[in-house]
Amino acid sequence: MPLNIVHDGNGLPRIILTEPTGSSAEVLLYGGQVVSWKNERREELLFMSSKAIWKPPKAIRGGIPVCFPQFGNLGSLEQHGFARNRLWSLDNDPLPLPPTNNQSSVDLILKSAEEDLKTWPRSFELRLRISLSAGKLTLIPRVRNTDSKAFSFTFALSNYLSVSDISEVRVEGLETLDYFDNLAHRERFTEQADAITFDGEVNRVYLDTPTKIAMIDHEKKRTFVLRKDGMPDAVVWNPWDKKTKTVPDLGVEDYKTMLCVDSAAIETPIVLKPFEEWKGRQELSTVSSSYCSGQLDPRKVLHGFH
């Protein structure tokens, strides 16, 4: 079966992935970006800004943007690098990954272009496999050095998750870890709370994080579970009301229904020698939260439910 590609009203080619239980995902060639992930009940699981700009060269605020070769402003390039506002291509040769089902999976590639070599003079191939299965969305990014000299980069998959009310959300799995606080000039702190909750702006890079993090949405009785490999850091971000007003492509009330938890490699940049390849992996899944004396049992979320 050929890939299901549609051209939406914005003229951006969109790949529709489906699987037998009825869940779906939508991926743009622009940015190689997942912009929708719906469960089998057709509920949208990813957040998309009400003021998202769907016109190149702007990045699209929501879904799962790819930050490469620079996270944030940690370097000389534009914010979060250039991969999220370039047109990617279908990758017809995704070796050595095994072949997949065209209906539920797609392989994309971004190669260094002349305009990018001016600002980042390194030759590379960035590949991304996006796979949909029942209750799960998997992204496998790979970067190959096709240059004659070594280079380093930082990387992130920014997961904009849709939540019912940010003030009712808990993030578990990051307790006791060190983090850089981007609201305090990247000063390093140690997480003291037993879970991260939100009553104001949060913008932190947690370091050496576990392979599994849980985002518990009490109101929806839904838990997102993020599993990741090759991306040791995790960014937790919500702009809250004041910061939201300074972000032109974010609606004033949008912060209430969004939570960003990114899989990232930031503190220690990835270094590739010529012809070397780096590979990461993240799996997003959802489980229904079960209550235990009014609280979710974090041990079950973090260690059970396989």
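Let's start with strands β3 and β4. Strand β3, residues 24-28, pairs with β4 in the antiparallel sense over five bridges. Strands here are DSSP runs of E, at least two residues long, numbered from the N terminus. Two strands pair if DSSP finds at least two bridges between them.

A word on the model. It is predicted, so local features need pLDDT of at least 70 and side-chain atom pairs count only at pLDDT 80 or more, while totals for chains, interfaces and linings use all residues. Residues are numbered from 1 along each chain as its sequence is written, and side-chain values use heavy atoms, with hydrogens and water left out.

Back to the strands. β3 and β4 belong to an open sheet of four strands, in the order β1-β2-β3-β4, with antiparallel pairing. Its edge strands are β1 (5-7) and β4 (33-38), and each pairs on one side only. The twist averages 25 degrees from one strand to the next. That angle is taken between lines fitted to C-alpha atoms, in N-to-C directions, on a scale from 0 to 180 degrees.

Now to β21, residues 281-288. Strand β9, residues 136-145, runs antiparallel to β21 and is joined to it by four bridges. There, T138 stands opposite E283. Strand β17, residues 222-229, also pairs with β21 in the antiparallel sense, over eight bridges. In that pairing T223 faces V287.

Next, the rings. How many aromatic pairs does the structure hold? There are 17. Rings of Phe, Tyr and Trp (its six-membered ring) pair if their centres lie within 6.5 Å; planes under 30 degrees apart are stacked, over 60 edge-to-face, the rest tilted. Take F68 and F82. Their centres are 6.4 Å apart and their planes stand at 90 degrees, so this pair is edge-to-face. Both residues sit in the loop between β5 (66-67) and β6 (89-90), 14 residues apart. Buried means under 20% relative accessible area, exposed means over 50%, and partly exposed is in between, with a 1.4 Å probe and protein chains only. Ring pairs also link F68 and F82 into a cluster with W120, F124, F151, F153, F155 and W278.

F68 has another feature. Its peptide bond to P69 is cis, with omega near 0 degrees. P56 and P57 are also joined by a cis bond, with omega about 5 degrees. P57 lies in the loop between β4 and β5. Most peptide bonds are trans.

On to the loop between β13 (178-181) and β14 (187-190), where H185 is placed. R186 is found in that loop too. Phi is positive in H185, near 55 degrees, and in R186, near 60 degrees. Is H185 buried or exposed? It counts as exposed, because its relative accessibility is 82%. R186 is partly exposed, at 33%. The charged end of R186 sits over the ring of F180, 4.7 Å from its centre. The test for that is CZ of Arg or NZ of Lys within 6 Å of the ring centre and within 35 degrees of the ring normal.

Last, A52. This residue lies in the loop between β4 and β5. At 13% relative accessibility, A52 counts as buried. Its C-alpha atom is separated by 24 Å from that of L132, 80 residues apart along the chain.
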